[in-house]
Amino acid sequence: MLLLGCLLAITLAGCSRDSSTQRYATDEINLSLIALRHNDQLLVQVTLSPESDPDARVQLGRNDRLLASLNGKHHALEEQWNGVYSAQIPYTEGILLVNFERTGNFDSAPKTRLHLPVSPEFQSPPRHALFHTQNDAIIPLVWTGIATENGHYELRCNNRNEGSVQFHGTFSTNERQRVNIAVDELLHDLIDNNRRGFCEAAFNLRGISTNGSVSPELAGGDVLFESNVTRNVIIRHNALF
């Protein structure tokens with residue numbers, strides 16, 4: 001009978017869908033919240049791990065759920081892989097709230113908070129603005145908000161003889177919200193060789209903030225907001241049209 005009871009207990013444990021979370025009380029779980037903005041979209045990602053083993057993961061129980069709220073709109077986070085949950089939602093400034101809702105004998109952990117501050121926003125040039133090396137000496141980049149590191153750009157150029165080529169570079173954003181990008185420096189290779197080219201330049205600004213807090217019902221964790229905004233423009237050199 002003792003052996004039968006042990007086998008029955010093992011079988012029931014193996015069939016339980018809640019076995020992962022039932023091993024941990026709420027105050028034994030760490031929650032890591034990352035919100036990644038790219039232009040108009042925000043990826044909200046939550047990772048659950050036991051405080052005793054941060055490299056391990058905790059899965060939601062059958063009736064547990066993670067809900068993200070931003071400016072009154074609610075979104076359920078879906079599991080992407082073991083212990084990692086996410087949702088993609090429209091980006092707006094505000095305070096992102098994540099509620100860890102649990103059932104049974106475990107306390108819920110509401111209102112993990114992450115402030116989405118005024119991140120960098122391009123004001124100029126307009127989207128897909130057109131520049132020509134014969135008429136435009138600079139590309140004026142103007143933005144609001146704070147970029148926490150130098151900007152990056154990617155340049156893709158096409159010409160009849162060599163097909164497509166790519167270039168990468170950076171531009172300074174230190175204590176400023178404006179910079180003039182010299183067109184001839186961007187396209188020096190095309191210009192030096194006097195070749196016709198049609199290029200698309202993508203300029204990127206990045207901002208990071210850790211202004212927020214993890215629900216006190218949890219053991220601990222961390223919060224991070226990373227913003228990436230991109231502005232694309234078109235540049236022509238020796239174009240016939």
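This is a predicted model: local features need pLDDT of at least 70, side-chain atom pairs count only at pLDDT 80 or more; totals for chains, interfaces and linings use all residues.
Is E149 buried or partly exposed? I looked that up before anything else. E149 has a relative accessible area of 28%, so it counts as partly exposed.

**Salt bridges**

I searched the whole structure and got 6 salt bridges. I then went through some of them.

I checked R65 and found it bridged to E101, with the closest N and O atoms 2.7 Å apart. R65 sits in strand β3 (residues 65–70) and E101 in strand β7 (residues 94–101), so this pair ties together parts that are 36 residues apart in sequence. R65 comes out partly exposed because its relative accessibility is 44%. E101 gets that label too, at 27%.

Back to E149: its partner is R206, and their closest N and O atoms are 2.6 Å apart. E149 is in the loop between β11 (138–144) and β12 (151–159), while R206 is in strand β15 (residues 197–209), so the pair links parts 57 residues apart in sequence. I followed this one further and found E149, R206 and E226 joined in a network of salt bridges.

I also looked at E154 and R156, whose side chains meet in a salt bridge at 2.5 Å, N to O. E154 is partly exposed at 21% relative accessibility; buried would have meant under 20%. R156 is partly exposed as well, with a relative accessible area of 39%.

**Surface charge**

Next I went looking for charge on the surface. I found a patch of negative charge where D27, E28, E51, D107 and E217 gather.

Technical notes: Residues are numbered from 1 along each chain as its sequence is written. Side-chain values use heavy atoms; hydrogens and water are left out. Patches are made of residues with over 30% relative accessible area and no salt bridge: like charges are joined within 9 Å, nonpolar side chains (Val, Leu, Ile, Met, Phe, Trp, Tyr) within 5 Å. Accessible areas come from the Shrake-Rupley method with a 1.4 Å probe; for residues, only the protein chains shown count as cover. A salt bridge is a side-chain nitrogen of Lys or Arg within 4 Å of a carboxyl oxygen of Asp or Glu. Lys and Arg count as positive and Asp and Glu as negative; His and the chain ends are not counted. The place of a charge is taken as NZ of Lys, CZ of Arg, CG of Asp or CD of Glu. Helices (H or I, at least four residues) and strands (E, at least two) are DSSP runs, numbered from the N terminus. Buried means under 20% relative accessible area, exposed over 50%, partly exposed in between (1.4 Å probe, protein chains only).
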